[in-house]
Amino acid sequence: MNIDDIKKILGTDADTLLNHTCTGIPKDMIHQPGPDFIERVVEDSDRNNLVLNNLERIFNQRGRLAGTGYVSILPVDQGIEHTASASFAVNPSYFDPENIIKLAIDGGCNAVASTLGVLGSISRKYARKLPFIVKLNHNELLTKPPLSDQTMFASVDQALDMGAVGVGSTVYFGSQESRRQIQETSEAFKYAHELGLVCVLWCYLRNTEEFIKNGKDYHTANDLESQANHLGVTIEADIVKQKISTLSRGFLDLNFGKTDKLVYNKLATDHPLEWNRYQVANCYMGRVGLINSGGESGGNDLQDAVKAAVINKRSGGMGLILGRKAFKKSKPEGIKILNAVQDVYLSKEIDIA
(Lines give C-alpha, C1' and ligand atoms only; values in the text may rest on other atoms or scores of the structure.)
Protein backbone atom coordinates (compact mmCIF):
# COMPACT_ATOMS: atom_id res chain seq x y z
CA MET A 1 0.00 0.00 0.00
CA ASN A 2 1.06 3.58 -0.58
CA ILE A 3 0.21 6.55 1.60
CA ASP A 4 -3.00 7.25 -0.30
CA ASP A 5 -4.19 3.70 0.37
CA ILE A 6 -3.38 4.10 4.05
CA LYS A 7 -5.27 7.41 4.23
CA LYS A 8 -8.27 5.80 2.60
CA ILE A 9 -8.28 2.96 5.14
CA LEU A 10 -7.95 5.42 8.05
CA GLY A 11 -10.91 7.42 6.73
CA THR A 12 -11.96 10.23 9.05
CA ASP A 13 -9.08 9.41 11.42
CA ALA A 14 -6.44 10.11 8.76
CA ASP A 15 -5.90 13.79 9.53
CA THR A 16 -5.67 13.53 13.31
CA LEU A 17 -3.37 10.49 13.19
CA LEU A 18 -1.09 11.48 10.31
CA ASN A 19 -0.69 15.20 10.99
CA HIS A 20 -0.59 15.46 14.78
CA THR A 21 2.67 16.49 16.46
CA CYS A 22 3.23 15.26 20.01
CA THR A 23 3.84 18.12 22.41
CA GLY A 24 3.54 16.48 25.83
CA ILE A 25 6.76 14.53 25.33
CA PRO A 26 8.49 15.73 22.12
CA LYS A 27 10.07 13.16 19.83
CA ASP A 28 13.61 14.39 20.52
CA MET A 29 13.23 13.14 24.11
CA ILE A 30 12.72 9.49 23.10
CA HIS A 31 15.09 6.83 21.77
CA GLN A 32 13.54 6.23 18.37
CA PRO A 33 13.54 2.87 16.58
CA GLY A 34 15.78 2.46 13.58
CA PRO A 35 18.21 0.10 11.82
CA ASP A 36 20.95 1.04 14.32
CA PHE A 37 18.81 0.61 17.45
CA ILE A 38 20.91 -2.22 18.91
CA GLU A 39 24.18 -0.33 18.46
CA ARG A 40 22.71 3.03 19.51
CA VAL A 41 20.64 1.91 22.49
CA VAL A 42 20.81 -1.73 23.56
CA GLU A 43 24.62 -1.97 23.61
CA ASP A 44 24.60 0.42 26.59
CA SER A 45 22.65 -2.12 28.66
CA ASP A 46 23.78 -5.16 30.64
CA ARG A 47 22.56 -7.59 27.96
CA ASN A 48 25.27 -10.02 26.88
CA ASN A 49 26.41 -10.76 23.33
CA LEU A 50 24.13 -13.77 23.00
CA VAL A 51 21.08 -11.61 23.75
CA LEU A 52 22.29 -9.05 21.19
CA ASN A 53 22.75 -11.84 18.63
CA ASN A 54 19.20 -13.08 19.14
CA LEU A 55 17.80 -9.56 19.05
CA GLU A 56 19.61 -9.13 15.72
CA ARG A 57 17.85 -12.23 14.46
CA ILE A 58 14.45 -10.81 15.39
CA PHE A 59 15.21 -7.47 13.73
CA ASN A 60 17.12 -8.63 10.69
CA GLN A 61 16.84 -12.33 9.82
CA ARG A 62 13.67 -12.27 7.74
CA GLY A 63 10.35 -10.61 7.03
CA ARG A 64 9.32 -7.48 5.18
CA LEU A 65 10.55 -5.22 8.01
CA ALA A 66 14.01 -6.78 8.28
CA GLY A 67 16.66 -4.10 8.59
CA THR A 68 14.27 -1.30 9.54
CA GLY A 69 14.37 -1.53 13.34
CA TYR A 70 10.65 -2.32 13.38
CA VAL A 71 9.06 -5.70 13.98
CA SER A 72 5.92 -7.52 12.90
CA ILE A 73 5.29 -10.53 15.13
CA LEU A 74 2.58 -13.19 14.80
CA PRO A 75 1.39 -14.34 18.26
CA VAL A 76 -0.73 -17.48 18.49
CA ASP A 77 -1.18 -18.73 22.05
CA GLN A 78 -4.95 -18.27 21.97
CA GLY A 79 -5.55 -22.03 21.92
CA ILE A 80 -4.80 -21.90 25.64
CA GLU A 81 -5.76 -18.32 26.47
CA HIS A 82 -9.16 -18.38 24.71
CA THR A 83 -9.64 -22.16 24.09
CA ALA A 84 -8.73 -23.94 20.88
CA SER A 85 -12.35 -24.16 19.75
CA ALA A 86 -12.97 -20.43 20.02
CA SER A 87 -9.67 -19.72 18.28
CA PHE A 88 -9.42 -22.27 15.48
CA ALA A 89 -12.92 -23.53 14.65
CA VAL A 90 -13.28 -20.85 11.98
CA ASN A 91 -10.04 -22.08 10.34
CA PRO A 92 -9.41 -25.69 11.45
CA SER A 93 -6.12 -25.83 9.57
CA TYR A 94 -4.52 -23.84 12.40
CA PHE A 95 -4.97 -26.77 14.77
CA ASP A 96 -1.81 -27.92 12.92
CA PRO A 97 1.10 -25.81 14.23
CA GLU A 98 2.93 -25.91 10.90
CA ASN A 99 0.23 -23.75 9.35
CA ILE A 100 0.79 -21.11 12.03
CA ILE A 101 4.48 -20.99 11.09
CA LYS A 102 3.64 -20.85 7.39
CA LEU A 103 1.31 -17.90 8.01
CA ALA A 104 4.11 -16.03 9.78
CA ILE A 105 6.58 -16.76 6.98
CA ASP A 106 4.21 -16.08 4.08
CA GLY A 107 2.87 -13.02 5.89
CA GLY A 108 6.32 -11.43 6.04
CA CYS A 109 6.68 -11.46 9.84
CA ASN A 110 9.96 -11.05 11.73
CA ALA A 111 9.09 -13.71 14.30
CA VAL A 112 6.39 -15.95 15.72
CA ALA A 113 5.35 -16.19 19.38
CA SER A 114 3.47 -19.25 20.56
CA THR A 115 3.27 -22.05 23.10
CA LEU A 116 5.86 -24.65 24.02
CA GLY A 117 3.76 -27.33 22.35
CA VAL A 118 3.11 -25.45 19.10
CA LEU A 119 6.71 -24.38 18.55
CA GLY A 120 8.25 -27.57 19.90
CA SER A 121 6.23 -29.72 17.51
CA ILE A 122 7.91 -28.23 14.43
CA SER A 123 11.05 -26.64 15.87
CA ARG A 124 13.59 -28.90 14.15
CA LYS A 125 12.21 -27.88 10.75
CA TYR A 126 11.62 -24.16 11.32
CA ALA A 127 13.50 -22.75 14.35
CA ARG A 128 16.53 -21.82 12.26
CA LYS A 129 14.37 -20.31 9.52
CA LEU A 130 12.06 -18.10 11.59
CA PRO A 131 12.83 -16.62 15.03
CA PHE A 132 10.77 -18.40 17.71
CA ILE A 133 9.55 -16.74 20.92
CA VAL A 134 8.25 -19.30 23.42
CA LYS A 135 5.42 -18.05 25.63
CA LEU A 136 6.20 -19.42 29.08
CA ASN A 137 2.97 -18.79 30.99
CA HIS A 138 -0.73 -18.81 30.20
CA ASN A 139 -4.21 -18.32 31.57
CA GLU A 140 -6.36 -21.36 30.76
CA LEU A 141 -10.15 -21.49 30.67
CA LEU A 142 -10.91 -25.11 31.61
CA THR A 143 -10.89 -24.52 35.36
CA LYS A 144 -14.39 -24.00 36.83
CA PRO A 145 -15.09 -21.51 38.21
CA PRO A 146 -12.60 -19.84 35.85
CA LEU A 147 -9.44 -18.26 37.24
CA SER A 148 -7.80 -15.09 36.05
CA ASP A 149 -4.17 -16.02 36.60
CA GLN A 150 -1.00 -16.83 34.68
CA THR A 151 0.63 -20.21 35.27
CA MET A 152 4.04 -21.34 34.02
CA PHE A 153 3.55 -23.98 31.33
CA ALA A 154 7.14 -24.02 30.07
CA SER A 155 10.72 -23.43 31.19
CA VAL A 156 13.49 -21.25 29.82
CA ASP A 157 15.63 -24.35 29.24
CA GLN A 158 12.96 -25.86 26.99
CA ALA A 159 12.90 -22.69 24.90
CA LEU A 160 16.68 -22.73 24.56
CA ASP A 161 16.76 -26.43 23.66
CA MET A 162 14.36 -25.98 20.73
CA GLY A 163 16.46 -23.15 19.29
CA ALA A 164 14.19 -20.23 20.20
CA VAL A 165 15.59 -16.69 20.19
CA GLY A 166 13.45 -15.53 23.08
CA VAL A 167 10.81 -16.14 25.70
CA GLY A 168 7.58 -14.34 26.49
CA SER A 169 5.61 -13.96 29.69
CA THR A 170 2.44 -12.23 30.84
CA VAL A 171 1.91 -10.39 34.11
CA TYR A 172 -1.65 -9.40 35.01
CA PHE A 173 -0.74 -6.13 36.69
CA GLY A 174 -3.42 -5.01 39.13
CA SER A 175 -4.58 -8.54 39.94
CA GLN A 176 -4.25 -10.09 43.36
CA GLU A 177 -1.85 -12.64 41.86
CA SER A 178 0.41 -10.08 40.20
CA ARG A 179 3.11 -10.07 42.90
CA ARG A 180 3.73 -13.80 42.37
CA GLN A 181 3.65 -13.39 38.58
CA ILE A 182 6.16 -10.51 38.78
CA GLN A 183 8.53 -12.64 40.85
CA GLU A 184 8.19 -15.70 38.60
CA THR A 185 8.71 -13.64 35.45
CA SER A 186 11.65 -11.69 36.88
CA GLU A 187 13.42 -14.91 37.80
CA ALA A 188 12.69 -16.44 34.39
CA PHE A 189 13.93 -13.33 32.58
CA LYS A 190 17.16 -13.24 34.60
CA TYR A 191 17.90 -16.85 33.67
CA ALA A 192 16.86 -16.31 30.05
CA HIS A 193 19.24 -13.37 29.73
CA GLU A 194 22.08 -15.46 31.17
CA LEU A 195 21.42 -18.00 28.40
CA GLY A 196 21.20 -15.29 25.74
CA LEU A 197 17.45 -15.22 25.12
CA VAL A 198 15.42 -12.08 24.39
CA CYS A 199 12.60 -11.41 26.88
CA VAL A 200 9.18 -10.11 25.80
CA LEU A 201 6.62 -9.10 28.42
CA TRP A 202 2.86 -8.91 27.92
CA CYS A 203 2.11 -6.02 30.34
CA TYR A 204 -1.64 -6.50 30.71
CA LEU A 205 -3.97 -5.15 33.37
CA ARG A 206 -6.47 -7.52 34.96
CA ASN A 207 -8.88 -6.78 37.79
CA THR A 208 -12.50 -7.05 36.68
CA GLU A 209 -13.84 -6.12 40.12
CA GLU A 210 -11.84 -2.93 40.56
CA PHE A 211 -10.97 -1.69 37.05
CA ILE A 212 -14.52 -1.46 35.69
CA LYS A 213 -16.60 1.40 37.07
CA ASN A 214 -19.74 3.25 35.96
CA GLY A 215 -19.77 1.44 32.64
CA LYS A 216 -16.15 2.32 31.82
CA ASP A 217 -13.44 -0.31 31.41
CA TYR A 218 -10.16 1.05 32.76
CA HIS A 219 -8.11 -1.98 31.71
CA THR A 220 -7.00 0.16 28.76
CA ALA A 221 -6.62 3.43 30.67
CA ASN A 222 -3.45 5.16 29.54
CA ASP A 223 -2.13 6.08 32.97
CA LEU A 224 -2.63 2.52 34.29
CA GLU A 225 -1.18 0.86 31.18
CA SER A 226 1.81 3.19 31.19
CA GLN A 227 2.56 2.31 34.81
CA ALA A 228 2.29 -1.37 33.89
CA ASN A 229 4.88 -0.72 31.17
CA HIS A 230 7.14 0.93 33.75
CA LEU A 231 6.87 -2.11 36.00
CA GLY A 232 7.60 -4.35 33.02
CA VAL A 233 10.85 -2.64 32.09
CA THR A 234 11.84 -2.71 35.76
CA ILE A 235 12.19 -6.50 35.55
CA GLU A 236 14.28 -6.05 32.37
CA ALA A 237 11.90 -6.91 29.58
CA ASP A 238 13.62 -6.28 26.24
CA ILE A 239 10.31 -5.65 24.48
CA VAL A 240 7.02 -4.64 26.11
CA LYS A 241 3.66 -5.59 24.63
CA GLN A 242 0.71 -3.38 25.54
CA LYS A 243 -2.78 -2.64 24.26
CA ILE A 244 -3.63 0.67 22.59
CA SER A 245 -5.10 3.03 25.19
CA THR A 246 -8.78 3.93 24.83
CA LEU A 247 -9.24 6.29 27.78
CA SER A 248 -7.30 7.85 30.65
CA ARG A 249 -7.72 9.08 34.24
CA GLY A 250 -7.67 5.56 35.69
CA PHE A 251 -5.90 6.55 38.87
CA LEU A 252 -8.21 9.53 39.34
CA ASP A 253 -11.55 7.94 38.49
CA LEU A 254 -10.84 4.72 40.40
CA ASN A 255 -9.42 6.73 43.30
CA PHE A 256 -6.31 4.72 44.08
CA GLY A 257 -2.56 4.83 43.66
CA LYS A 258 -0.66 8.05 43.00
CA THR A 259 -0.39 10.27 39.96
CA ASP A 260 0.20 13.90 38.98
CA LYS A 261 -2.11 16.34 37.23
CA LEU A 262 0.68 17.10 34.76
CA VAL A 263 0.12 13.66 33.23
CA TYR A 264 -3.38 14.64 32.12
CA ASN A 265 -2.86 18.36 31.52
CA LYS A 266 0.47 18.23 29.69
CA LEU A 267 2.30 14.94 29.20
CA ALA A 268 -0.52 12.67 28.00
CA THR A 269 -3.46 14.77 26.88
CA ASP A 270 -6.48 13.18 25.23
CA HIS A 271 -5.09 12.14 21.87
CA PRO A 272 -4.17 8.58 20.79
CA LEU A 273 -0.62 9.62 19.84
CA GLU A 274 -0.03 11.49 23.09
CA TRP A 275 -1.28 8.48 25.04
CA ASN A 276 0.96 6.06 23.17
CA ARG A 277 3.92 8.42 23.45
CA TYR A 278 3.39 8.30 27.21
CA GLN A 279 3.48 4.50 26.99
CA VAL A 280 6.83 4.80 25.17
CA ALA A 281 8.07 7.24 27.83
CA ASN A 282 7.35 4.66 30.51
CA CYS A 283 9.47 2.16 28.60
CA TYR A 284 12.53 4.21 29.61
CA MET A 285 11.87 6.76 26.87
CA GLY A 286 12.03 4.04 24.24
CA ARG A 287 15.18 2.27 25.44
CA VAL A 288 12.89 -0.77 25.68
CA GLY A 289 10.82 -1.28 22.54
CA LEU A 290 7.05 -0.91 22.76
CA ILE A 291 4.96 -3.17 20.57
CA ASN A 292 1.20 -2.71 20.66
CA SER A 293 -1.26 -5.56 20.25
CA GLY A 294 -3.61 -5.87 17.32
CA GLY A 295 -6.57 -6.75 19.52
CA GLU A 296 -9.35 -9.25 19.02
CA SER A 297 -10.95 -9.93 15.68
CA GLY A 298 -14.04 -7.90 14.77
CA GLY A 299 -15.86 -6.26 11.90
CA ASN A 300 -13.21 -3.67 10.93
CA ASP A 301 -10.00 -5.62 11.33
CA LEU A 302 -8.06 -4.05 8.45
CA GLN A 303 -8.88 -0.50 9.53
CA ASP A 304 -8.26 -1.24 13.21
CA ALA A 305 -4.91 -2.89 12.49
CA VAL A 306 -3.69 -0.06 10.26
CA LYS A 307 -4.83 2.52 12.81
CA ALA A 308 -2.96 0.72 15.60
CA ALA A 309 0.17 0.54 13.45
CA VAL A 310 0.04 4.27 12.68
CA ILE A 311 -0.43 5.10 16.38
CA ASN A 312 2.45 2.83 17.37
CA LYS A 313 4.88 4.05 14.71
CA ARG A 314 4.15 7.76 15.04
CA SER A 315 4.37 7.60 18.83
CA GLY A 316 7.82 6.00 18.70
CA GLY A 317 6.85 2.37 19.15
CA MET A 318 8.73 -0.56 17.64
CA GLY A 319 5.99 -2.52 15.91
CA LEU A 320 2.79 -4.49 16.12
CA ILE A 321 2.10 -7.99 17.40
CA LEU A 322 -1.04 -9.14 15.63
CA GLY A 323 -2.64 -12.57 15.86
CA ARG A 324 -6.41 -13.04 15.87
CA LYS A 325 -6.99 -10.46 13.16
CA ALA A 326 -4.81 -12.64 10.90
CA PHE A 327 -5.36 -16.29 11.75
CA LYS A 328 -9.14 -15.99 12.16
CA LYS A 329 -9.36 -14.99 8.50
CA SER A 330 -8.70 -17.00 5.38
CA LYS A 331 -4.97 -17.17 4.78
CA PRO A 332 -5.00 -14.62 1.90
CA GLU A 333 -7.04 -12.21 4.05
CA GLY A 334 -4.76 -12.78 7.03
CA ILE A 335 -1.68 -12.07 4.95
CA LYS A 336 -3.33 -8.94 3.55
CA ILE A 337 -3.80 -7.54 7.06
CA LEU A 338 -0.26 -8.45 8.13
CA ASN A 339 1.15 -6.80 5.00
CA ALA A 340 -0.99 -3.70 5.48
CA VAL A 341 0.46 -3.24 8.96
CA GLN A 342 3.98 -3.72 7.62
CA ASP A 343 3.33 -1.16 4.88
CA VAL A 344 2.73 1.46 7.56
CA TYR A 345 6.24 0.89 8.94
CA LEU A 346 7.73 0.83 5.45
CA SER A 347 6.07 4.10 4.45
CA LYS A 348 8.55 7.01 4.40
CA GLU A 349 5.62 9.44 4.50
CA ILE A 350 4.58 8.26 7.98
CA ASP A 351 7.09 9.64 10.44
CA ILE A 352 7.43 9.93 14.22
CA ALA A 353 5.14 12.64 15.56
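This is a predicted model: local features need pLDDT of at least 70, side-chain atom pairs count only at pLDDT 80 or more; totals for chains, interfaces and linings use all residues.

Residues are numbered from 1 along each chain as its sequence is written, and side-chain values use heavy atoms, with hydrogens and water left out.

**H12 with H15**
- The axes of helix H12 (residues 222-234) and helix H15 (residues 272-281) come within 8 Å and cross at roughly 20°. Axes are lines fitted to C-alpha atoms, for helices over the stretch in contact, and angles run from 0 to 180 degrees between N-to-C directions. Helices (H or I, at least four residues) and strands (E, at least two) are DSSP runs, numbered from the N terminus.
- This crossing of H12 and H15 is right-handed. A crossing is left-handed if the near helix is turned anticlockwise from the far one by less than a right angle, and right-handed if clockwise.
- H12 brings Asn222, Glu225, Ser226 and Asn229 to the contact, and H15 brings Trp275, Asn276, Tyr278 and Gln279. Contact means heavy atoms within 4.5 Å.
- Two nonpolar, five polar and one charged residues make up the contact of H12 with H15. Ala, Val, Leu, Ile, Met, Phe, Trp, Tyr, Cys and Pro count as nonpolar, Asp, Glu, Lys and Arg as charged, and the others, Gly among them, as polar.

- Helix H16 (residues 301-315) and helix H18 (residues 331-346) have axes that come within 9 Å and cross at roughly 25°. H16 and H18 are therefore roughly parallel to each other.
- The H16 and H18 crossing is right-handed. Residues in the contact include Leu302, Val306 and Val310 of H16 and Ile337, Val341 and Val344 of H18.
- Eleven nonpolar, one polar and three charged residues form the contact of H16 with H18.
- The axes of helix H1 (residues 3-10) and H16 come within 9 Å and cross at roughly 115°. H1 and H16 are therefore roughly perpendicular to each other, and their crossing is left-handed.
- From H1, Ile6, Ile9 and Leu10 meet Leu302, Gln303, Val306, Lys307 and Val310 in H16. The contact of H1 with H16 has six nonpolar, one polar and one charged residues.

**Largest pocket**
- The largest pocket has a volume of about 550 Å³. On a 1 Å grid over the protein atoms alone, a pocket is an open set of points where a 1.4 Å probe fits, with protein on both sides within 12 Å along at least five of seven lines; lining residues have an atom within 4 Å of a point. Grid points are joined across faces, edges and corners, and a volume is the space filled by probe spheres set on the points.
- Of its 27 lining residues, His82, Tyr204, Arg206, Lys243 and Arg324 are the closest to the centre.
- The lining has nine nonpolar, ten polar and eight charged residues.

**Backbone**
- The peptide bond from Lys144 to Pro145 is cis, with omega near -5°.
- Arg249 has a positive phi of about 65° although it is not a glycine.

How values were computed. Angles under 35 degrees count as roughly parallel, over 145 as roughly antiparallel, 65 to 115 as roughly perpendicular and the rest as oblique.
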